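Please keep the sequence and the structure in view while reading the numbered points.

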Amino acid sequence: MSWQGKILRVNLTSGEITPEPLNTEWANDYIGERGLGTKYLWESMDPKADAMSPDNVLIFATGPLTGTGASTSGRYAVITKGPLTGAIACSNSGGKFGAELKYAGFDLLLIEGRSETPVYLLIEGDEISLASADKIWGKTVWETDEWIKKQHHNPMLKIATIGVAGERGVRYAAVVNDLHRAAGRSGVGTVMGSKNLKAIAVRGTGGVRVKDPKRFMEVTDEMKNLLAKETGGLTKYGTNAMMDTMQEFGGLPTNNFQQVQFDGYDKVDAKAMLKTDETGHTNLLANKACFGCTIACGRIAHIRKDHFTIQNRKEYWHASGGLEYETAFAFGPVVGVDDIDACTFAGYLMNEHGMDPISFGVTLAAAMELYEMGVITTEDTDGVALNFGNAEALTIMAEKTGKQEGFGEILGMGSRLMCEKYGHPELSMTVKGQEFAGYDSRALQGMGLGYATGNRGACHLKHDTFDVDMDDQTGEGKAEPCKTSQDWTAAVDSSGLCMFTMAAWGAPEFAAQLDADSEGEWTAERLIQSGERIWNLERMFNLAAGLTRADDTLPERLLKDPAPSGTAKGRVNELDRMLPEYYDLRGWNEAGEPTEDTLGRLGLS
Amino acid sequence: MRIQVRVTGHLIDLCSVDAVELPEGASVDDALVALGIPSDQVGLVSVDGEAVPKAKRGGTTLTDGNEMVVMAPLTGG
């Protein structure tokens, strides 16, 4: 099987580094990655612990298929208690780091305590050590990556690191690996920074063994062909192909969710990225694929050299990670900006300083609304006019937040704390303290239910109700697909493969690959039940942390202010109708707690 | 009759026209066939800004001058 059978426990307080056997019983019940990491977290810490304290535990987990020959097998997840929400945080990333960790002989890293001084973890062959990060503390993601590789004379190291944002407590700091890929959401980089852990550098030269190599090759080849037939659009246009659909649909959050359509959408969408301008410049240069991926949805872009953002900054004249739908939404419509180069530059800054673009953009949008209301002025914002549509303000504030300078310190608090500070909590477009992604839940009702019940707060990646939401804009019948897809997504997130494969593969296709890979009989039914177990264990963590039914809600703007335009014009989100049905389907009581029967059925008693 | 057409997302690769001529009484499904867009590659169709669910495409009759938007499915991301 493709498990290495070993985890690495790192106690940053004592400096002890201890290899331990993988708990295969837990791997059997929780698949791997997100699920297995959640089980280890549950068993390793008190959910009531402060997210920023040494008592929080930070886990890097691979899945059973990570590093194998299956398509998209580069995934790993970071699991911890989140500083934005006080809830469980699970953030998933691609790139090459996850596979490299497997090849270095470890299925999972469990990091406890807090180092007195900044350190980085090095796993290079047989050498495993904590080294001083004094010389890279205060450095960007990109500088850190370069320094560590030079320091160890090894350009093959794969590095997951935080930027300055994570060091200085931006609540939505990311862990960035391989320069442009990130475990971006929920502040997992903030927790890493609070532990004085700057980076993890890994070089692995081993491989993985699968249970039945011949069958594995046959199955994964078949799956790659299936994937190729269904994901051509994603390859050509990337995720930002959704921008014009959301515009036409009327679900494109604009100006802090005050509107649902944005006039300038076609200046920042996928077609705009492909368009060659009058100077011969095209924003998109190339696609980029993560480890083992046959989709290649990643974008590599560059900015016009005469653009105000970089005309005097040659260090940014290189190609770098380009816009995806969520970054385009977060730097475009939600802040009213239609300047593709400014949006691209803001994306660079997120990777360079290590921040979640969604949380940053939606927090800035709330600040812009506060500014236009007159609640804050240029005296608060370092002299910058924070009007919607101000592209210069976007890039200035992205940099200030990344470096934690001036008003950037306020933006680094996240939308909820910032809006509470200024006496307008109703302007925070969050659930449980985490900012919304680029889908307005007045148009996408099931998305709203998924946001409200998301275990890590508002998130579009932990369920999949797109089809039913597009076809019917009421709340009727949305609880069941929301619940079912949450369970299924939890299983996919735990496999080591990318959720974008869900466009082509259902449970039988995932099960066939996993069964050829891992010991034990893996069926579609077992995968789905494992996903439900994972979802409920995450819920149990949150309940133990102090969250309640009251946290399963949406901002009043989405519940009371009708969508002003689009195909859902006049609608509000029907959460009150959907939530009781959802709890019932889950086997939870009216307080949103799993019943004894539910826990027993899932082996969680 | 002449129907104005817009498509979104990757559907631009299947349909590059901005209008289609159809016989009187044609439905949304008829229009999709005429445009060469497979029904299973469509997330939603709107006509003059009103959503037309999948089950109603066959029964929704178009009239001259309608503006039809054919939206690609959403996939998250």
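**Notes on the sheet, the interface and the helices**

1. Val45(B) has Val52(B), a residue of strand S4(B), standing opposite. The model is a predicted one. Strand S3 of chain B, residues 44-47, pairs with S4(B) in the antiparallel sense, and 3 bridges join the two.

2. Helix H1 of chain B, residues 28-35, packs on the sheet and touches S1 (2-7), S2, S3, S4 and S5 of that chain. The direction of H1(B) makes about 105° with that of S2(B).

3. In what order do the strands of the chain B sheet lie? The order is S2-S1-S5-S3-S4, in an open sheet of 5 strands with mixed pairing. Strands S2 (19-21) and S4 (50-52) of chain B stand at the edges; each has a single partner strand, so one side of each is left without a neighbour in the sheet. From one strand to the next, the twist averages 30°. As a general point, strands of a sheet pair through backbone hydrogen bonds, in either a parallel or an antiparallel manner.

4. Chain A also contributes a helix that meets this sheet. Helix H9 of chain A, residues 242-249, lies across S3 and S5 (67-71) of chain B and runs at about 135° to S5(B).

5. How many residues of each chain are in contact with the other chain? The contact involves 19 residues of chain B and 26 residues of chain A. On the side of chain B that touches chain A, at least two residues come from each of S3, S4 and S5 of chain B. The residues of that side divide into 8 nonpolar, 9 polar and 2 charged.

6. Within chain A, the axes of helix H19 (residues 479-493) and helix H21 (residues 524-545) come within 7 Å and cross at roughly 100°. H19(A) and H21(A) are therefore roughly perpendicular to each other. Among the residues that meet are Trp488(A) and Ala491(A) from H19(A), and Leu527(A), Ile534(A) and Trp535(A) from H21(A). The residues of this contact divide into 7 nonpolar, 3 polar and 2 charged.

7. Is helix H20 of chain A, residues 507-517, mostly covered or mostly uncovered? H20(A) is mostly covered, with 8 of its 11 residues buried. The buried residues of H20(A) include Phe510(A), Leu514(A) and Asp517(A). They pack against H7 (213-230), H19 and H21 of chain A. The reader may wish to locate Gln513(A) and Asp515(A), which are also among the buried residues of H20(A).

Key. Residues numbered from 1 in each chain as written. Chains lettered and ligands numbered in written order. Predicted model: local features only at pLDDT ≥ 70, side-chain atom pairs only at ≥ 80, totals over all residues. Axes fitted to C-alpha atoms, helices over the stretch in contact; angles between N-to-C directions. Helix = DSSP H or I, 4+ residues; strand = E, 2+ residues; numbered from the N terminus. Parallel < 35°, antiparallel > 145°, perpendicular 65-115°, else oblique. Contact = placed C-beta atoms within 7 Å. Nonpolar A, V, L, I, M, F, W, Y, C, P; charged D, E, K, R; others polar. Buried ≥ 20, exposed ≤ 12 C-beta atoms within 10 Å, placed from the backbone. Pairing = 2+ DSSP bridges.
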